[in-house]
Amino acid sequence: MEERRINVVVNGEPKSVDVEPRILLAHFLREVLGLTGTHIGCDTTNCGVCTVLVDGLPMKSCTMFAVMTDGHEVTTVEGLGMPSELHPIQQGFREEHGLQCGFCTPGMMLASKAILDENPNPTEEEVRWGLAGNLCRCTGYQNIVKAVLWAAEKMRSEGGAYVLGGRSRR
Amino acid sequence: MYPSRFHYEAPRTLDEAFEAIQAYGDEAKILAGGMSLIPLIKLRFAAPACIVDINNIPGLDYHEEEGGSLRIGALCRHRTLERSSLLRNNYPVMYATAPLIADPMVRNRGTLVGSICHADPQGDWASVMLSLGGEIIARNAEGRERTIPVSEFVVGPFQNSLQTGEIAVAARVPAAQGTRKGTYLKLERRVGDFATVGVAINLEMSGGTVNRAGIALTGVGSNNIKCTSAEQALAGKSLNSSTIDQAARLAAEASEPKSDVRGSAEYKRHIVYTFVQRGLSSREARAA
C-alpha cells in the first residue's frame, strides 16, 4: 500500500504523518489525529459541515485528500478556542443560541471566522452570503447569523487579534 | 466514502507533471481544485490509476491581460476572480458569474480552467467563455501549445477535446471589439445549486452600437449552448425594444430544455427569454 509522509501544521502543532493518498482530510483529522470536532455530513461536497481552515481559508475537508495539505496549515474547531478560553465566535454561538443539535456548528464557526477575517464589520446580508455553503438541518439560521454579528461586534470592540487554540497569538 | 486506491504525484514543475502523465497515459487525471474530480472519485464514477496534483506548481495561479487579451492560469481560483478589479472593470460577464459559482468553500478551491475541462453541462464558466469567444490553451510535453476555442473544446457532456498527454494550462479571452458590457443571470432553486437556467451575455460596443454580441445558455441542453442566431441579430445594431425582443426569442428557440425536478421545459424556455431580455435591458448592458 502506497503511503506518503506529509508535514502539516494542525491547530498550531506540526505533524509528520504517513498517509495513504486516498485518505480524505476529514478522515485524517478524525481518525488519525482524533480531532472529532470536524464532522462529516453529506460526504458529497454539499453541506459544508466538514469545513476546516486551510491556510486560513474555509475548505470542505471531505473534498480534499490529506496529502494535499502537505506543507500547509489546517485549523479545526479544536484550534478555534478551548472551553477555558472560547473564541468570540464560539462565545457568540453560546450567547445568541446559534445552535440546536450542534452538528453543523464547527463548520459554521470556521466559515464565520473567514468571513470576519476578511470583513470585521459585515452586514447581515454579507454574513448570510458568507455562510451560503453551510447547511443547518435544524434550519436555525436566524440565530447563527445573530451569533456571527455578535462576535463581529465583540471582536471590533476588543480590537485585538485572537488566540487560536489558546496557543499562538498572532 | 473512500475512493479506490490510486498513485499520487505532486510535481513541482510542469515538466514533472508531464512525466507523470506520460507514465500513466489515459489512466492519469490532473487534480487542480478537485471540486468535481474528488466527488467523482469518491462516488467511484471515476477511478484513475494516477492522480497528478498540480497545486504545487508555481506560476499557474494568475489572471492578467497581455496584448489586450486576458489569460487565466490553471490554478486561478473562483475566489480570486470574484475579488478581481480587472474583471470588475473589463469583464462584466465574468465578474457577475464568479460569486454565483457554487458556494464560498468551493470557490476558495475550484478553478475556472478545471471547471471548463470537467465540461459539466451545468457548468457556468463554459457559457461565459462561449459568450466571450474564449479559448483553452493546452500544452504537451514538448512545450507545444494548442489554442482551442471553448466551442470546440467542450465536445459533449463531461467530454473535452484534450489529447492524451496534454494539460490545459490556461484559458484565454480575446481582445474586445469596443467596450465590454454584459452580465450573467442565473436562476437556482437555492443558493449554491446548479443553474435551473443560466444566461451569459457579453456585448462589445462602440457608443450605442453592438459590434459583437455573445449569448450562451447553461442548464437548458446537453451542453452549454451558444446562441449564434441571437448574436447575429444584435451585431451592428443598437439595443432597442425590438432588437432585444428578437434576440431573446431567438435564444429561447435555441435552448433545448428538458423537464425535470428543476422545472418544466416550457418554464425554462420562458426563463431564457426573460433573462436575455432582462440582461440586454439592464443598465450594465446599456450604459455605453
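Which residue is the bridge partner of A138(B) in β10(B)?

Some ground rules before we look around. This is a predicted model, where local features need pLDDT of at least 70 and side-chain atom pairs count only at pLDDT 80 or more, while totals for chains, interfaces and linings use all residues. Residues are numbered from 1 along each chain as its sequence is written, and chains are lettered from A and ligands numbered from 1 in the order in which they are written.

Let's begin with chain B. Its domain assignment (bounds come from an automatic or database assignment) gives domain 1 at 7–53, domain 2 at 63–173 and domain 3 at 179–281. Taken over C-alpha atoms, the centres of domain 1 of chain B and domain 3 of chain B are separated by 35 Å.

Now for the sheet in chain B. When I say helix or strand, I mean a DSSP run, H or I of at least four residues for helices and E of at least two for strands, numbered from the N terminus. Two strands pair if DSSP finds at least two bridges between them. With that in hand, 5 strands of chain B form an open sheet in the order β4-β5-β10-β6-β7, with antiparallel pairing. At the edges stand β4 (63–66) and β7 of chain B, each with a single partner strand, so one side of each is left without a neighbour in the sheet. From one strand to the next, the twist averages 30 degrees.

Back to my opening question. In β10(B), A138(B) has A168(B) as its bridge partner. The strands involved, β6(B) and β10(B) (residues 167–173), run antiparallel and are joined by 5 bridges. A138(B) also stands opposite R146(B) in β7(B). That pairing, of β6(B) at residues 135–139 with β7(B) at residues 145–149, is antiparallel too, over 5 bridges. The hairpin of β6(B) and β7(B) has 5 residues between the strands, and G143(B) there takes a positive phi near 90 degrees. Moving along the sheet, β5(B) (residues 69–73) pairs with β10(B) in the antiparallel sense over 4 bridges, and here G73(B) stands opposite A170(B).

Next, how do the chains meet? A quick word on contact: two residues count if their C-beta atoms, placed from the backbone, lie within 7 Å. On that basis the contact takes 21 residues from chain B and 21 residues from chain A. On the chain B side, the elements giving two or more residues are β1 (7–9), α2 (37–42) and α6 (104–109). Of these, α6(B) gives the most, with 5 residues. By class, the side of chain B that touches chain A has 12 nonpolar, 5 polar and 4 charged residues. For those classes, Ala, Val, Leu, Ile, Met, Phe, Trp, Tyr, Cys and Pro count as nonpolar, Asp, Glu, Lys and Arg as charged, and the others, Gly among them, as polar.

Over to chain A, which is assigned domain 1 (4–79) and domain 2 (80–158). Their centres, taken over C-alpha atoms, are separated by 21 Å. Domain 1 of chain A brings 17 residues to the contact and domain 2 of chain A brings 14. On the domain 1 side, β3 (51–54), β4 (57–60) and α2 (77–80) of chain A each supply at least two residues, and β3(A) gives the most, with 3. That side divides into 8 nonpolar, 9 polar and no charged residues.

Last stop: helix packing in chain A. Axes here are lines fitted to C-alpha atoms, for helices over the stretch in contact, and angles run from 0 to 180 degrees between N-to-C directions. Helix α4(A) (residues 105–118) and α6(A) have axes that come within 11 Å and cross at roughly 45 degrees. The two helices are therefore oblique to each other (under 35 degrees is roughly parallel, over 145 roughly antiparallel, 65 to 115 roughly perpendicular, and the rest oblique). The contact is made by M108(A), S112(A), I115(A) and L116(A) of α4(A) with I144(A), V148(A), A151(A), A152(A) and M155(A) of α6(A). By class, that contact has 8 nonpolar, 1 polar and no charged residues.

The other partner is α3(A) (residues 88–95), packed against α6(A) (residues 141–158) at about 135 degrees with axes 8 Å apart. That angle makes α3(A) oblique to α6(A). Among the α3(A) residues that meet α6(A) are I89(A) and F93(A), and the α6(A) residues include W150(A) and K154(A). The contact of α3(A) with α6(A) divides into 8 nonpolar, 2 polar and 2 charged residues. Thanks, everyone!
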